[in-house]
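I opened my notebook for a friendly walk through one fold. Here is what I looked up, entry by entry.

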Amino acid sequence: MNLIQRTGKSNSNELEHELSVHEIELQMQNAELLEIQEKLNTALLEYSELFELSPVGYFILDKNGIIEKVNVRASIQLGIDKEQLINKPFSTFLHTERDQDNFYRHMNIAVEEGTLGRMECEIKKKDGAVFFAFIKSKVIKDEKLRFKHLLSMVTDITKLKEHEHQIEIQLAKTEELSIMKSRFIGMASHEFRTPLTSMLSSTTLIGQYAKLGETGKMERYLTRIKSSIKNLVVILDEFLSIEKLESENVEIQRANFDLPGLCEDMMEEVSATKKKGQQIHHSHTGNNEIKEDRKIIQHILLNLLSNACKYSAEEKEIKLLTTVTDYDITITVEDQGIGIPEAEQANIFARFFRAGNTGNIQGTGLGLNIVKRYVELLDGNIEFVCKQNEGTTFRIQLPLKQSLPV
């Protein structure tokens, strides 16, 4: 073999070896690329699942706010199939024009400034239902950092809003109760002064008449003391009642009791507050025994009868009528008192309301408000007929509850 032949064979072997090395390298690179591709596919599948199964509604929009893609949660939120949402303007699902304007403003800021935008709005579903939504929007850019999509993430915050509303209501009630207590304390301190002054002067006079042995005059001032004490008790009862009602701390405890018997007890209870010659006449029709909350009925009767005595003149008659049928219980209290001016009657059950014609007659303005709320707690209703200087009639109807077995 000559030199040329040996040299050619050597070059051929080297080339073959070099090609073999390159082939191995290509196989290794191809295997590496396949591995990378598999990882990319796995990652893409994971992100796709995260996108689809997210608890947040994802809306991918173009620059004009047209929907290009949504996930399952977005479809559920609107109650519309995913395919039917594509190419629809997102703004059409916003509840009000104001929400729509706010969203376009929100979208433009996110696109122009590239920042994460946030807003709250109301969104309407296919069935017409509306829910509160919190929207966060972020611009998605391509490899050249140009706008590609706007990703708007929608979270249903209806329950959160309802919770916030309940907190606001409770705060308002707390503030109202605080104002009411301050007002009541100021009013009560004034109302306490009169009966306390009367009691003090009466005890002084009793002491003087005791030395003189004038028992008739002593009895008169003892009656005045009893009446003053009764007024103080009424004020305290009203304060405790309104506090229980405002704190929703009243428990209904129904039991069998004798209604005419309770009426007689209440008539005796208010006897110390009756004016000279005032008479309370009670008439009852139907079964005597009822099943109801005795304490609440007692409070209602005591308040209405006390008012009837307080706002009626001497020698006037007061009627208490009670009726029990197969369906309801009716309590009527009728007086011949000063009544309430027609222009003010709409406020009769308002808290702290006192008619302009009450003059110097003592009162907190809470009694009828408490009565009405107690009646409503018993699922009943209260009505009144009133004419100034002729009298007032209150009529309460309560549904009859089945009596407890004896």
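**Entry 1**

A reminder to myself first: I am working with a predicted model. I looked up a sheet of 5 strands and found it open, with antiparallel pairing and the order E2-E1-E5-E4-E3. Which strands stand at its edges? They are strand E2 (67-70) and E3; each has a single partner strand, so one side of each is left without a neighbour in the sheet. Direction ignored, neighbouring strands here are turned by 30° against each other on average.

Further in, I checked how strand E1 (residues 57-61) meets strand E5 (residues 147-156): the two pair in the antiparallel sense over 5 bridges.

Next I followed the side chains along strand E3 (residues 117-124), and they alternate. Gly117, Met119, Cys121 and Ile123 point to one face and are buried.

How many bridges join E3 to strand E4 (residues 130-141)? I found 8, with the two strands running antiparallel. Glu120 faces Phe134 of E4 across this pairing. The hairpin of E3 and E4 has 5 residues between the strands, and there I marked Gly128, which takes a positive phi near 95°.

**Entry 1: a loop residue**

I then turned to Ile80, which sits in the loop between helix H2 (72-78) and helix H3 (82-85). Buried or exposed, I wondered of Ile80? Its relative accessibility is 12%, so Ile80 counts as buried, the cut-off being under 20%. I also looked up its distance to Lys126: the two C-alpha atoms are separated by 6.5 Å, although the residues are 46 apart along the chain.

**Entry 2: the mixed sheet**

My other sheet is open too, with 5 strands in the order E7-E9-E10-E12-E11 and mixed pairing. At its edges I found strand E7 (279-285) and strand E11 (381-387), each pairing on one side only. From one strand to the next, the twist averages 10°.

Are E7 and strand E9 (residues 317-324) parallel or antiparallel? They run parallel, joined by 7 bridges. One of the partners I wrote down is Glu317 in E9, which bridges to Gln279.

**Entry 3: the second largest pocket**

I asked for the volume of the second largest pocket and got about 470 Å³. Its lining holds 15 residues, and those nearest its centre are Ser241, Lys244, Lys295, Ile296 and Tyr374. Which helices each supply at least two lining residues? Helix H6 (215-246) and helix H8 (294-310) do, with H8 giving the largest share, 5 residues. By type, I sorted the lining into 5 nonpolar, 5 polar and 5 charged residues.

**Entry 4: cysteines**

Last, I searched the whole structure for disulfides and came back with 0. As background, a disulfide is a covalent bond between the sulfur atoms of two cysteines. I looked at two cysteines for burial. Cys263 has a relative accessible area of 0%, so I logged Cys263 as buried. Cys309 also came out buried, with a relative accessible area of 0%.

How values were computed. Residues numbered from 1 in each chain as written. Predicted model: local features only at pLDDT ≥ 70, side-chain atom pairs only at ≥ 80, totals over all residues. Heavy atoms only, no water. 1 Å grid on protein atoms, 1.4 Å probe; cavity = no way out; pocket = protein on both sides within 12 Å on 5 of 7 lines; lining within 4 Å. Points joined across faces, edges and corners; volume = space filled by probe spheres on them. Helix = DSSP H or I, 4+ residues; strand = E, 2+ residues; numbered from the N terminus. Nonpolar A, V, L, I, M, F, W, Y, C, P; charged D, E, K, R; others polar. Disulfide = S-S within 2.5 Å. Buried < 20%, exposed > 50% of the residue type's maximum accessible area, 1.4 Å probe, protein only. Pairing = 2+ DSSP bridges. Axes fitted to C-alpha atoms, helices over the stretch in contact; angles between N-to-C directions.
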